[in-house]
Amino acid sequence: MAARIKPLVAGNWKMNGLTAARKEVVALAMKLDGKKKPACEILLCPPATLIAAAREVARGSKIAIGGQDCHAKASGAHTGDISAEMLKDAGATYVIVGHSERRADHNETDAIVKAKAEAAHRAGLTAIVCVGETEAERDAGKTLTIIKSQLKGSLPDAATAKMTVVAYEPVWAIGTGRTPTADDVAKVHGAIRKALETRFGSEGAKMRILYGGSVKPSNAVELMAVPNVNGALVGGASLRAGDFWGIISTYC
Ligand code: PEP
C-alpha cells in the first residue's frame, strides 16, 4: 500500500520581493491561523535578503522559510554566494537546489546540484531537488530518460525522506501558464516514485514528489489529485497571499 505522505506546498518568490513584501507573509500566517491542524506543510522561499525578516514575521505561525539556492561549501572565498549554514542561521529550514533557472542561468550540472543537496543536508536543511525536461526534450520523447538521469545525478546517495524532496518541474511549464495533462503528470511522478523506491527503498516510498509549473488556484485541485503528487512548488502564484492561499486551501 502507498505510504501516507504529508503534502508540502512551497512558494518560490524567485528574485521578487522588497521589505514591503513581508505583509504577504503576515497575511498568509493569518489565514493559516484559522486552521488548527493544516493537512499539509507550508513553505515560503523568499529571496535571501528577506529570509531573516520573513522568519521573524512568520514566527509562531505554521509557515516554514527556505532559501532558493546555496553554495556547496560551508564558507570561504566565494563572493556573492550563500552557504547552507548561512541560510540555516538566518532561519531557513529548507533550500531549493537545481531549479531549472539555476541550471540554465548558472550552468549548474547534476553534479553541482548534488553537491548543493549534500551541503543542505550537512547544514540540517531539507533539500528540494528540482528536475524537469525542456520542451525540445519532451517533443523528442525523452522526458522520462532526462528525469531519471537528473535524479541519478542530482540526488545524494544518503538522501532520506525527511531531508529530501523531489520537485518535478517541466521547464516549458514554468511561468508560461501551460501545464502537462494530469495523465502526463501521473506518468512522470509514477516513474519518479519507482526510481526513488529502487534506489532508496522505504525512504524512496515516503519521499515527497512535488509538481511545479504554472500551478494556480484554478488548476491546483486537478494537479494535486494525481497519484504520487505530494504537493506543489509554486512560483508566480505564491507572491500574493490570496493567490497562494487559493492553492493551499485545495490541499490543507
Ligand atoms: C517555479 O519557479 O518553481 C515555478 C513553478 O514557477 P511558476 O509557478 O510561476 O510556473
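Start by selecting Pro38, whose place is in the loop between α1 and β2. The model on screen is a predicted one: local features need pLDDT of at least 70 and side-chain atom pairs count only at pLDDT 80 or more, while totals for chains, interfaces and linings use all residues. Residues are numbered from 1 along each chain as its sequence is written, and side-chain values use heavy atoms, with hydrogens and water left out. The labels follow DSSP runs, numbered from the N terminus: helices are H or I runs of at least four residues, and strands are E runs of at least two.

Stay with Pro38. Is Pro38 buried or exposed? Pro38 counts as buried because its relative accessible area is 14% (buried means under 20%, exposed over 50% and partly exposed in between, with a 1.4 Å probe and protein chains only). Now show what surrounds the residue. Neighbours within four places in sequence aside, Pro38 is in contact with Lys6, Leu32, Lys62 and Cys252, where contact means heavy atoms within 4.5 Å.

Next, go to Ala27, which lies in helix α1. Ala27 counts as partly exposed because its relative accessibility is 27%. From C-alpha to C-alpha, Ala27 and Trp245 are 9.6 Å apart in space, and they are 218 residues apart in sequence.

Select residues 8–12, strand β1. How many of the five residues of β1 are buried? Five of the five are, and the strand is mostly covered. Leu8, Ala10 and Asn12 are on one side, Val9 and Gly11 are on the other, and both faces are covered.

Two strands are said to pair if DSSP finds at least two bridges between them. Within this pairing, Val9 stands opposite Ile42 in β2. With α1 shown too, β1, α1 and β2 make a right-handed β-α-β unit; a crossover is right-handed if, with the strands pointing away from the viewer, the path from the first strand over the helix to the second runs clockwise.

The bridge partner of Gly11 in β8 is Val234.

### Helix α2

Select residues 51–58, helix α2. Which residues of α2 are buried? They are Ile51, Ala54, Arg55 and Ala58. These residues are on the same side of α2 because they cover an arc of only 100 degrees around the axis, the arc being that of the directions from the helix axis to the C-beta atoms. Show α1 (22–33), β3 (63–67) and α3 (84–90): the buried residues of α2 pack against these elements. Just after α2, Gly60 takes a positive phi of about 85 degrees.

### Strand β4

Move to residues 94–97, strand β4. Both faces of β4 are covered, with Tyr94 and Ile96 buried on one side and Val95 and Val97 buried on the other. β3 and β4 run parallel, joined by two bridges, and Gly66 stands opposite Tyr94. β3, α3 and β4 make a right-handed β-α-β unit. Show residues 126–131, strand β5, which runs parallel to β4 with four bridges between them. Thr126 in β5 is the bridge partner of Tyr94.

### Two loop residues

Select Asn107, in the loop between α4 and α5 (110–123). Phi of Asn107 is near 50 degrees, a positive value in a residue other than glycine. Asn107 counts as exposed because its relative accessibility is 61%.

Then select Ser214, in the loop between β7 (208–212) and α10 (217–224). Phi of Ser214 is near 60 degrees, again a positive value in a residue other than glycine. Ser214 counts as buried because its relative accessibility is 13%.

### The largest pocket

Last, turn to the largest pocket, which holds about 600 Å³ of space. Of its 21 lining residues, Met15, Ala48, Gln68, Asp69 and Arg102 are the closest to its centre. On a 1 Å grid over the protein atoms alone, a cavity is a set of points where a 1.4 Å probe fits but cannot get out, a pocket is an open set with protein on both sides within 12 Å along at least five of seven lines, and lining residues have an atom within 4 Å of a point. Grid points are joined across faces, edges and corners, and the volume is the space filled by probe spheres set on the points. Which helix gives the largest share of the lining? Helix α4 (residues 100–105) does, with three residues.
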